[in-house]
Every structure is written in C-alpha cells, then in structure tokens.
Amino acid sequence: MNQERKRLDPRRPFVLSPAGLRRIILGATGGFDASLLAAPAHTPAAKPLRLKGDPAGYLLVAAHSQRGMLDAHAHQAIAAAALLASPQQAVAVLVFGGLNEDLRAYGADLVAVLPGADEQGFAPEQELASLCEFVTRYAPAHVFMPDNDIGDGDLGRRLAVHLEAEVATHVVELKPGAVAMYWQGGAALARGPMPLVVLIAPDVVETGLPFSGAGETVAPPAAQAPPGRYQNRGLREIAASALALEEADFIVAAGNGVADIPTLEAVAAAFGAAVGASRVAVDEGKFTRDKQIGATGKTVSASTYLAVGISGAVQHLQGIKACRHVIAINSDASAPITKRADLSVVGDAQEVMTALLAELAQRNWPDTARESV
Amino acid sequence: MMPPQLKIAALVSVGRNPASGAPRAARNDVLALDAALALAPEVSVLHAGDAAPALYDYLAYGAANVEVLPLPAGADALAPLAARVAGYDLILCGQRAEAGQGSGTLPYRLAKALNMPVVSAALEITLLGDEAEIVQFLPKGQRRVVRVSLPAVIALHPLAPRAPRYVYASLRAGRLLSAPALVAAPLPASPWQSEPAVKKPQRLKPLETRQGHARLLGAIATESKGGALVREGSAAEKARAILDYLRTNRLIEF
Ligand SMILES: Cc1cc2nc3c(=O)[nH]c(=O)nc-3n(C[C@H](O)[C@H](O)[C@H](O)COP(=O)(O)OP(=O)(O)OC[C@H]3O[C@@H](n4cnc5c(N)ncnc54)[C@H](O)[C@@H]3O)c2cc1C
C-alpha cells in the first residue's frame with residue numbers, strides 16, 4: 001500500500017517569481033529544469049500578432065482623443081473590434097485629434113490620425129465627411145465607437161443616420177454577430193444581430209488582450225466638407241472649485257498626512273483643481289463628507305489626481321480607478337499609493353506643498369489661467 | 001426680444017419612473033419644454049402616440065396644451081412628427097427617451113428628414129436673430145459654445161440647469177388636443193428581441209487559450225506599473241519633478 005502512494009518530488013520543475021519565490025510547475029514531472037530559470041518568468045513576452053496575412057476585410061473604430069490620448073472608453077472600443085474580428089479582418093482606427101500613444105496593445109492594425117479635430121473642436125459636417133471617406137475606403141463590416149459625451153456618440157448617430165444604416169446605441173453586451181442593449185430605461189435587455197454602427201457603453205469590454213495589433217500608420221481621410229451651418233465658439237471652463245468632484249478634471253486630495261489644510265487649498269487653487277479627501281481626513285472633520293473619495297465616498301475620473309499624505313488603502317484606490325495620472329506625495333516610500341501612482345514624491349507633505357506654491361509663484365504664472373471663462 | 005414670428009416646437013414623450021416603472025413625464029423632455037417656454041411664450045408641444053395620462057404632467061410644467069399625433073401601433077413616429085414640425089424654426093426635445101428604445105437617434109433622424117442642423121447635449125440656448133447659440137455639455141467641467149443657423153433641431157442634455165415648476169392649476173387649465181391622423185410609415189420588422197433585464201450583461205473578453213503553467217504565470221504576473229519614485233533632493237526639486245511631470249503630460253497649460 002505504502003509503496004503505491006504518489007509522492008511529491010521536492011525537486012519538481014519550478015521557476016522563480018519576481019518576488020524570488022519558488023513557483024512549482026503543475027503537471028510537469030522530472031527534476032529541476034535549468035532552462036526555466038534562464039528565462040525569468042516576469043519578463044513579458046512580446047505578444048503575437050492577431051492578424052494573419054493580408055487582411056480580407058475590415059472593422060472600423062473611430063474616436064476622439066484628448067490631449068493626444070484616447071481614454072479608456074475608446075480603448076475598449078478598439079479592443080472590442082479586435083476581439084470580434086476574424087483572423088483575416090483588420091482593425092482600422094480613425095482618431096480625431098492628435099495621438100501620442102501606441103494603440104497596438106489594444107489591437108489596432110491600421111491607425112489614421114486627424115490631428116486638427118480633437119474634442120475641443122466642433123465641426124460635425126467635416127468630421128462626418130472624414131468618417132464617411134474612411135468608411136468608403138475600407139467598406140467595414142461594422143463601425144465601433146464609444147458612446148460618450150465628447151463627440152463620439154454624436155458622430156456615430158450622425159453617421160448612422162447619414163448612411164441610413166442600422167445602429168445600436170449604449171451597447172452593453174457584444175458577442176460575435178450579436179449585441180445587446182438596455183431598453184425601457186434599463187428594465188429590458190434587447191438582443192439582436194450586430195448592426196453596421198455599434199456605439200458601445202463604457203466598461204463592457206476588457207482591454208487586456210493576449211495579442212497585439214500591427215499598428216501601421218495610414219493616411220487620414222482628406223475629405224473637405226464645405227463650410228456648414230455649425231460654428232464653434234470655443235470652450236468655456238468652469239472654475240474647478242465650483243464643480244462636483246465627479247466632474248472635475250484635476251483633483252488635489254488630502255489624507256491623514258496633511259495637517260495644514262489652507263496650504264493644500266492654496267495648491268488646489270493654483271492648479272485650478274477641486275479638493276478631495278480620504279476617509280480619515282473626513283472623519284477628523286477637516287473636510288465635509290461630500291469631499292470623501294473612495295468606496296464609501298465618491299468615484300472620480302479626473303485626468304490628474306494629486307494625492308497628498310494618502311496611504312492608498314484599497315477602499316480609497318477604488319474611487320480613483322478611472323484617474324489617468326496619479327501623483328503621490330508621501331513620507332513613506334513603501335505606501336501602497338506608490339504602486340498606483342505614476343509619480344511618487346517621497347517627502348514631507350507640508351514641505352513639498354510649500355515648495356510647489358513657491359515654485360508656482362516664482363514663475364509668475366497666472367493662477368487664473370484655467371479659470372478664465 | 002425675439003421676433004414674434006419664430007415658431008418653436010417641443011417634442012415630448014411618455015417617460016418611465018426608473019424605480020417603479022410607472023409612466024410619467026420624461027425628465028429630459030420636461031427640460032426641453034421648459035427651455036422652449038423660456039424662449040417663446042407660445043410653444044407647440046407635440047407627442048406622437050396615444051393620449052396617455054402621463055402627458056397631463058406636461059400641462060402642469062407649463063404647456064398650454066399638448067397636441068397628440070395619433071400613431072398606429074408599430075408605426076414610426078418620425079414621419080408624422082416631421083410632417084407636423086415642417087416650417088418650424090426651432091425644435092427642442094430631450095436627448096434620450098426614458099421609455100422605449102431610448103437610443104437617442106430621433107433628433108438626428110428628424111434633422112435629416114427636415115434637412116436641418118442638429119445639436120445635442122444642449123444646456124443653455126440663446127436666440128440671436130436667425131442663429132441659436134448653444135452651450136453644450138462636455139465631461140470634466142467643460143462647456144462648449146456653438147452657434148447654429150435656424151431652423152434647427154436641438155436636443156437638451158439631462159443636466160441642463162433648469163428648474164421646471166409643477167403647477168397644478170395649469171394642469172387643470174390645459175388640455176390634450178388630438179390632431180387628425182397622418183399617414184405613418186410602418187416600422188420594418190424589428191430584429192430586436194427584448195427580455196426582462198435580470199441577468200447582468202457579459203463583458204467581452206479574450207478567450208483563455210493558455211494552459212496550466214502559462215495561465216498560472218499570467219495570474220501571478222502583476223502588470224505593476226508603479227511609476228517613477230523621487231526620493232532624493234530638496235523639497236524644491238521634488239516640487240519641480242511634479243511640475244515637470246504635469247507639463248510633459250500636458251496636464252497644465254502654464
Ligand atoms: C468599509 C470601509 C470603507 C472605507 N471607505 C473608504 C473610502 O471611501 N475612502 C477612503 O479614503 N477610505 C476608506 N476607508 C478607510 C481606508 O481603509 C483607509 O483607512 C483610509 O483611506 C486611510 O486614509 P489615509 O490614507 O488618509 O490615512 P493613513 O492610512 O493614516 O495614511 C496617511 C499617509 O500619510 C503619510 N504621511 C503621514 N505624515 C506625512 C507627512 N508629514 N508628509 C507626507 N506624508 C505623510 C503616511 O506615510 C501615510 O501613508 C474605508 C475603510 C473601510 C473598512
């Protein structure tokens with residue numbers, strides 16, 4: 001009996017994890033394999049190309065960029081196209097506005113950029129002409145766009161109506177050849193075949209793809225629409241302090257590490273930013289409850305999040321998931337926030353904030369630059 | 001003041017209370033009606049469909065009367081609405097219906113049928129002669145000002161800063177008018193199958209093709225981005241590091 005019992009081999013094949021731990025390879029037999037050690041497990045291998053050979057058809061994605069970047073919602077639209085494309089279908093992306101990021105990770109095979117047409121502009125007739133030319137050029141099976149408020153939802157509807165094509169809006173579920181969307185204000189779910197124009201709701205597609213796109217740059221459409229019936233009179237920005245936190249684009253948030261609230265508020269004012277706080281700071285009465293950010297507070301989506309004296313507990317990080325650029329000022333270099341932050345400054349919050357104010361004042365920057373109405 | 005000959009129409013629909021499902025005046029359409037009444041004392045308030053009791057709410061919100069354009073079941077509301085509002089200078093509506101499909105395409109289809117420009121996400125509307133100036137909603141606290149030549153279709157954003165008042169006396173004073181039936185094109189057979197939304201929709205994600213070991217490696221490999229760490233230097237240098245980061249990413253304009 002005893003002889004038949006399977007024994008674990010203590011020298012089974014293993015690899016070393018980035019943290020230096022031994023990770024045993026399940027299912028493998030035999031001794032220690034040195035070749036596995038030679039290739040450290042944590043170097044990300046280059047992902048394989050999704051597209052095999054010359055494309056035999058196209059799926060199209062169009063989206064507006066902001067400050068040279070597409071937002072997560074637009075990335076999801078590209079990833080949706082890449083996930084739904086057949087191996088012979090290429091994903092062609094048309095970006096309205098400048099682009100300084102690599103879209104290959106989201107599966108873009110062809111990328112065309114119209115630098116002059118970002119979300120600041122409003123030229124629906126011109127944009128529609130460009131998009132129509134792009135559609136004619138590639139004759140796509142489907143056109144995917146994020147259904148958002150920065151111009152893509154608007155342009156997608158214009159495109160569908162112009163082409164008299166079927167359209168699905170606020171799409172919450174995508175499957176090969178089929179989509180689903182909410183009706184009756186969310187009480188009913190309608191399913192149907194995938195139409196030509198698909199406007200995708202946020203957060204319904206995962207963007208971590210096991211493959212990459214070819215990312216080839218192609219010429220943007222050259223169509224010129226005649227001067228039309230719309231006139232853009234420019235942007236108007238609301239003073240950040242008057243904004244709800246959820247809508248703010250720049251947030252300066254204070255945690256337990258901030259003692260001097262007026263300095264923090266001065267920093268926020270200098271950047272034209274809204275003020276937020278962690279739960280501990282709110283509980284101490286330094287801020288009102290409506291300033292709390294996190295699981296039990298507000299979920300924010302600012303482009304810039306400056307976290308001063310915040311440790312970065314999961315409950316807090318939950319509220320800043322959608323923030324694009326997180327900057328932390330913390331005296332502890334190993335606080336969890338440094339893993340989330342794009343830039344962490346290790347130092348005393350008070351000193352760094354004072355230095356920031358001095359730096360801003362010294363350059364004589366107009367601190368009303370962002371608040372001009 | 002605005003010349004009196006400007007003809008303004010507000011399109012209203014039957015909404016749906018999101019909690020109880022009870023029919024009501026659609027919030028977004030109430031904003032459109034209120035914006036229209038702020039521009040002109042006389043507004044044609046139109047509804048294509050049945051004379052539902054929920055339409056009386058629009059009387060309370062200031063409509064002198066609501067004109068109901070009869071619509072056979074399964075017919076497209078576009079044709080009767082387009083025929084009725086032809087010749088109007090300004091057509092206001094909500095951006096997205098609360099009941100029905102709520103796809104938010106009606107303003108665009110109407111504008112195409114009438115060959116008018118269409119502007120959506122409108123927060124405020126000002127009339128300037130034969131143009132309308134519109135403050136449009138953009139996320140993150142931005143607003144855009146656009147001008148459009150009249151006639152035009154304008155769809156109101158749900159966050160338009162208006163405070164419509166519910167006045168019971170005007171509900172009693174107003175009435176629903178039923179217009180003569182117009183020919184309505186039947187909708188093509190709908191490819192959509194609707195079901196009660198009980199299950200959560202599934203996210204689209206890549207098929208897992210990796211096996212055993214590779215999958216485990218994927219699970220432990222955190223895509224830790226953990227950005228730059230500035231430890232050394234004076235406070236001023238650290239402050240400069242922050243400003244440099246903001247400037248390289250074009251997050252501040254100075
Ligand atoms: C059910 C539940 C829900 C919660 N919901 C939320 C929520 O919605 N939002 C939320 O924020 N929290 C929430 N929390 C609390 C959360 O777990 C943390 O306790 C909280 O976020 C910590 O706040 P903090 O980072 O400000 O404080 P601390 O954890 O005390 O961190 C302070 C940080 O400041 C640094 N520091 C100290 N002095 C200085 C200095 N002089 N200069 C620079 N840095 C300094 C420290 O190194 C430390 O990293 C919740 C907790 C629970 C259990």
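Predicted model: local features only at pLDDT ≥ 70, side-chain atom pairs only at ≥ 80, totals over all residues.

Which residues touch the most other members of the largest nonpolar core? I looked, and Ile91(B) and Leu92(B) do, in a core of 67 residues. My working rule: a nonpolar core is a set of buried Ala, Val, Leu, Ile, Met, Phe, Trp, Tyr and Cys residues joined through side-chain atoms within 4.5 Å. Buried means under 20% relative accessible area, exposed over 50%, partly exposed in between (1.4 Å probe, protein chains only). There is a second, separate core of 43 residues, and Leu59(A), Ile78(A), Ala85(A) and Val198(A) are among them.

Residues are numbered from 1 along each chain as its sequence is written, chains are lettered from A and ligands numbered from 1 in the order in which they are written, and side-chain values use heavy atoms, with hydrogens and water left out.

Next I listed what Leu92(B) contacts (heavy atoms within 4.5 Å), skipping neighbours within four places in sequence. The list includes Ala9(B), Leu11(B), Ala32(B), Leu39(B), Ile125(B) and Leu156(B).

Then the chain pair. I find 97 residues of chain A in contact with 78 residues of chain B. Chain A and chain B bury about 8300 Å² between them, with 58% from carbon and sulfur atoms; buried area is the accessible area (1.4 Å probe) that two parts lose on being put together, summed over both. On the chain A side, Trp183(A), Arg229(A) and Arg236(A) supply 9% of the area buried against chain B, more than any other three residues.

How many salt bridges are there between chain A and chain B? I get 5, counting a side-chain nitrogen of Lys or Arg within 4 Å of a carboxyl oxygen of Asp or Glu. I checked the salt bridge of Arg143(B) with Glu247(A), which comes out at 3.5 Å, N to O.

Last, chain A by itself. In contact I find 6 residues of domain 1 of chain A and 4 residues of domain 2 of chain A. The two domains bury about 270 Å² between them, 32% of it on carbon and sulfur atoms. The rule finds 1 salt bridge across that interface. I also looked up Glu101(A), which forms a salt bridge with Arg324(A), closest N and O atoms 3.8 Å apart.
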